[in-house]
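Reader: Hi, I have a structure open and want to talk it through. Can you take my questions one by one?
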Amino acid sequence: MAQLMQREFPLAPLVGVGAVVVDEGRVLLVRRGREPLKGQWSLPGGLLELGESLTDGVSREVREETGLIVEPIELIELLDRIHHQEKRVRYHYVIADYLCRVKGGTLQAGSDADDVRWAERAEWNSHNALNLDPITVRIIELGWQRTEQLLKSEGR
């Protein structure tokens, strides 16, 4: 019988993936349907499955949570997300966040997402109307800036 990974109070860090999907000047966000960050807007993503590559994992997670088919372009950042409860580690994820482009699909909330939406830069960057975690805002900004560089290099 397969042993399930213990997300809450884990015995070891868990590997996750996240996606910064930039399309037509907007960034894709999901409202988390489970802890950690349940009910908060964030980037689509989740845990890597055994035997799955990082890029396959990020593509799968975006498809499951948003209905969109994406192509991972490049790694934006590798980071730790550690949440403590008193003296114990409640959650510990090592997350590979990728810049992705939309290749197809239909936007709709699925699996671990309560809602999905496109957000304009002013919504996540100035005053943070969506109440995004500061680390998430930083990752989105890195992906946004990299997208701008790629578009310039492609002559768009």
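Reader: Is Ser 42 buried or exposed, and why?
Author: Ser 42 counts as buried because its relative accessibility is 9%. Buried means under 20% relative accessible area, exposed means over 50%, and partly exposed is in between, with a 1.4 Å probe and protein chains only.

Reader: What kind of model is this?
Author: This is a predicted model: local features need pLDDT of at least 70, side-chain atom pairs count only at pLDDT 80 or more, and totals for chains, interfaces and linings use all residues. Residues are numbered from 1 along each chain as its sequence is written, and side-chain values use heavy atoms, without hydrogens and water.

Reader: Where is Ser 42?
Author: Ser 42 is in strand E3, residues 41–42. Strands (E, at least two residues) and helices (H or I, at least four) are DSSP runs, numbered from the N terminus.

Reader: And what does Ser 42 touch?
Author: Leaving out residues up to four places away in sequence, Ser 42 touches Leu 28, Leu 29, Val 30, Arg 32, Leu 132 and Thr 136. Contact means heavy atoms within 4.5 Å.

Reader: New topic. How many cavities of 30 Å³ or more are there?
Author: One. About 410 Å³ of space lies in the largest cavity. Its lining has 26 residues, and the closest to its centre are Arg 32, Ser 42, Leu 43, Gly 45 and Ile 95. On a 1 Å grid over the protein atoms alone, a cavity is a set of points where a 1.4 Å probe fits but cannot get out; lining residues have an atom within 4 Å of a point. Volume is the space filled by probe spheres set on the points, which are joined across faces, edges and corners.

Reader: Which elements supply at least two residues of that lining?
Author: E1 (14–23), E4 (45–47), E5 (68–85), E6 (88–105) and helix H3 (134–153).

Reader: How do E1 and E6 pair?
Author: In the parallel sense, over eight bridges. Gly 16 stands opposite Ile 95 in E6. Two strands pair if DSSP finds at least two bridges between them.

Reader: What about E5 and E6?
Author: They pair in the antiparallel sense over 16 bridges. Asp 80 stands opposite Val 94 in E6. Their hairpin has two residues between the strands, and Glu 86 takes a positive phi near 55° there.

Notes
1 Å grid on protein atoms, 1.4 Å probe; cavity = no way out; pocket = protein on both sides within 12 Å on 5 of 7 lines; lining within 4 Å.
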